[in-house]
Amino acid sequence: MELDELKYQLNKQLETEHVSKSASDIAFLLHAKSKSIVDKIKQSLIIEIFFGSICLIWFTYEGIYNHIWSMRVYFSSFIVFCIISLVLLIYLLKKTNNFSNADLPIKVSLQKIYDLIHEYKVWCYRITIALIPICLIYSFVLGYHEGRTNTVPEYDRILAPFKNHLWLFFLLVITYMIAVIAGMVYFIRWWLKKLYGRYLTELKSLMEELED
């Protein structure tokens, strides 16, 4: 009888240790997976900071050295926008680092990172879509003013064939604007999905696993 009791206790202990070990292994794997996803999000932010810095240097150069007045004004106007974007991206990277290193439950930490990056992704898309027609109209206004002042002879040569066919000129302009807007909308969707969309999806799935 005592032998049977001993066997029962040993089997129970082994089962408990197995379950405990499995739970520990699962927790370790989920933690490693979350770290990998968060690291990829950080890498995406760094990529955006890099390209934002390149754009800032390019816009500054064009704003100073471009020989066309309208181009100088156009690029100079977006230097401030570039600086604001870079400050925001650096802030997001810092906040993501803080949340990932904070002494918080892993699910809480991941939720904060998810909310932060998801909100940035949504607002980035909205602002970009709003800026596309604004940039196009702004560029045409500057170009029109440049043409009226005759400071750029190239504009006269470009517009000369359309002097007697203004409808064709406006048709080409409208077609060009539609094509640019459609292309930019597709590109920004692809860009944000590649940088953040897939990782946010993985992060959400991981949070559901943690909840289970």
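In this predicted model, helix α2 spans residues 69-77, and its buried residues are Ser70, Tyr74 and Phe75. Viewed down the axis of α2, these buried residues fall within an arc of 120 degrees, so they line one face of the helix.

Helix α2 is also among the elements that each supply at least two residues of the lining of the largest pocket, together with α1, α3 (79-101), α4 (106-149) and α6 (166-211). The largest share of this lining comes from α4, which contributes 10 residues. In total, 31 residues line the pocket, and about 1,300 Å³ of space lies within it. Nearest the centre of the pocket are Cys55, Phe81, Thr128, Leu131 and Met184.

Helix α1 covers residues 2-65 and includes isoleucine 54. A nonpolar surface patch of about 370 Å² is formed by Ile54 with Ile47, Phe50 and Phe51. Isoleucine 54 has a relative accessible area of 43% and is therefore partly exposed.

The structure holds 1 salt bridge. The pairing joins the side chains of lysine 35 and aspartate 39, with an N to O distance of 3.3 Å. Side chains of opposite charge can pair when their charged atoms come close. Both lysine 35 and aspartate 39 lie in helix α1, where they are 4 residues apart, about one turn of the helix. An α-helix has 3.6 residues a turn, so residues three or four places apart point the same way. Aspartate 39 counts as partly exposed because its relative accessibility is 33%, between the limits of 20% for buried and 50% for exposed residues.

Terms used. Residues are numbered from 1 along each chain as its sequence is written. This is a predicted model: local features need pLDDT of at least 70, side-chain atom pairs count only at pLDDT 80 or more; totals for chains, interfaces and linings use all residues. Side-chain values use heavy atoms; hydrogens and water are left out. Patches are made of residues with over 30% relative accessible area and no salt bridge: like charges are joined within 9 Å, nonpolar side chains (Val, Leu, Ile, Met, Phe, Trp, Tyr) within 5 Å. Accessible areas come from the Shrake-Rupley method with a 1.4 Å probe; for residues, only the protein chains shown count as cover. A salt bridge is a side-chain nitrogen of Lys or Arg within 4 Å of a carboxyl oxygen of Asp or Glu. Buried means under 20% relative accessible area, exposed over 50%, partly exposed in between (1.4 Å probe, protein chains only). The arc is that of the directions from the helix axis to the C-beta atoms. On a 1 Å grid over the protein atoms alone, a cavity is a set of points where a 1.4 Å probe fits but cannot get out, and a pocket is an open set with protein on both sides within 12 Å along at least five of seven lines; lining residues have an atom within 4 Å of a point. Grid points are joined across faces, edges and corners, and a volume is the space filled by probe spheres set on the points.
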